[in-house]
Amino acid sequence: MGRVVLWLLLLALLPAYAQETYDWIVVLGAAQYGGRPSPALERRLQAALHLFREGRGRRIAVAGGKAPEDLYRYLAARGVPEEALFCETRSRSTYENLLFLKPHLEGRLLLVTDAPHLPRALFLARLLGLEAEGYPVPGNYPLGYWAKEALYRLWLYLGLRPQGVFSSRFNASR
């Protein structure tokens, strides 16, 4: 049974791997501590850097957090040309990450975020009319994180607003 679920998950995520080049690699925000990325955010940044170096995206957009400019500098210091970077500074949630990036991004997007967070991020991107696929950053995520994301996704599937009473609670651990 477990293998079947794993294969279904892999098949669901396969389209992201089948594509060669995206117009944008989008790093969704997460916590920062004193201008330094949290371990979760650093994994996202490292994944985006790897994808960029492989030629999987032409540019990288970073979004959200308390100081997204630090994320911009993080990537620039590791060799990403400044003209290939864009920094969104106003957002405080996944929905806002995508909403505020939308006017600046054209073409195909590859969203980079934690595996449990990716289905919700893709749902929101599609809700906003963005042409997005996902790259799940691997990690040992606790069951509670998967459950929290599943509940928030259910909330969205039921047609309830992406923002509101649950948005700060459900995005607090990002």
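Student: What lies over the face of Tyr 74?

Tutor: Arg 78 does, 3.5 Å from the ring centre. A charge sits over a ring here if NZ of Lys or CZ of Arg is within 6 Å of the ring centre and within 35 degrees of the ring normal. Before we go on: this is a predicted model, where local features need pLDDT of at least 70, side-chain atom pairs count only at pLDDT 80 or more, and totals for chains, interfaces and linings use all residues. Residues are numbered from 1 along each chain as its sequence is written, and side-chain values use heavy atoms, with hydrogens and water left out.

Student: Ok, and which ring does the charged end of Arg 90 sit over?

Tutor: The ring of Phe 100, at 3.9 Å from its centre.

Student: Switching to ring pairs: how many aromatic pairs does the structure hold?

Tutor: Three. Rings of Phe, Tyr and Trp (its six-membered ring) pair if their centres lie within 6.5 Å; planes under 30 degrees apart are stacked, over 60 edge-to-face, and the rest tilted. Among them is Trp 24 with Phe 86: the centres are 6.4 Å apart and the planes are at 75°, so this pair is edge-to-face.

Student: Where in the chain are Trp 24 and Phe 86?

Tutor: Trp 24 is in strand E1 (residues 22-27) and Phe 86 in strand E5 (residues 85-88), 62 residues apart, so the pair links distant parts of the chain. Strands (E, at least two residues) and helices (H or I, at least four) are DSSP runs, numbered from the N terminus.

Student: Is Trp 24 buried or exposed?

Tutor: Buried, at 6% relative accessible area, while Phe 86 is partly exposed at 23%. Buried means under 20%, exposed over 50%, partly exposed in between (1.4 Å probe, protein chains only).

Student: What about Phe 123 and Tyr 157, what kind of pair do they form?

Tutor: Edge-to-face, 4.7 Å centre to centre with 75° between the planes. Phe 123 lies in helix H5 (residues 118-127) and Tyr 157 in helix H6, so the pair ties together parts 34 residues apart in sequence.

Student: New topic: what does Leu 109 touch?

Tutor: Leaving out residues up to four places away in sequence, its contacts (heavy atoms within 4.5 Å) include Tyr 22, Trp 24, Val 26 and Leu 130. Leu 109 is in strand E6 (residues 109-114) and is buried, at 2% relative accessibility.
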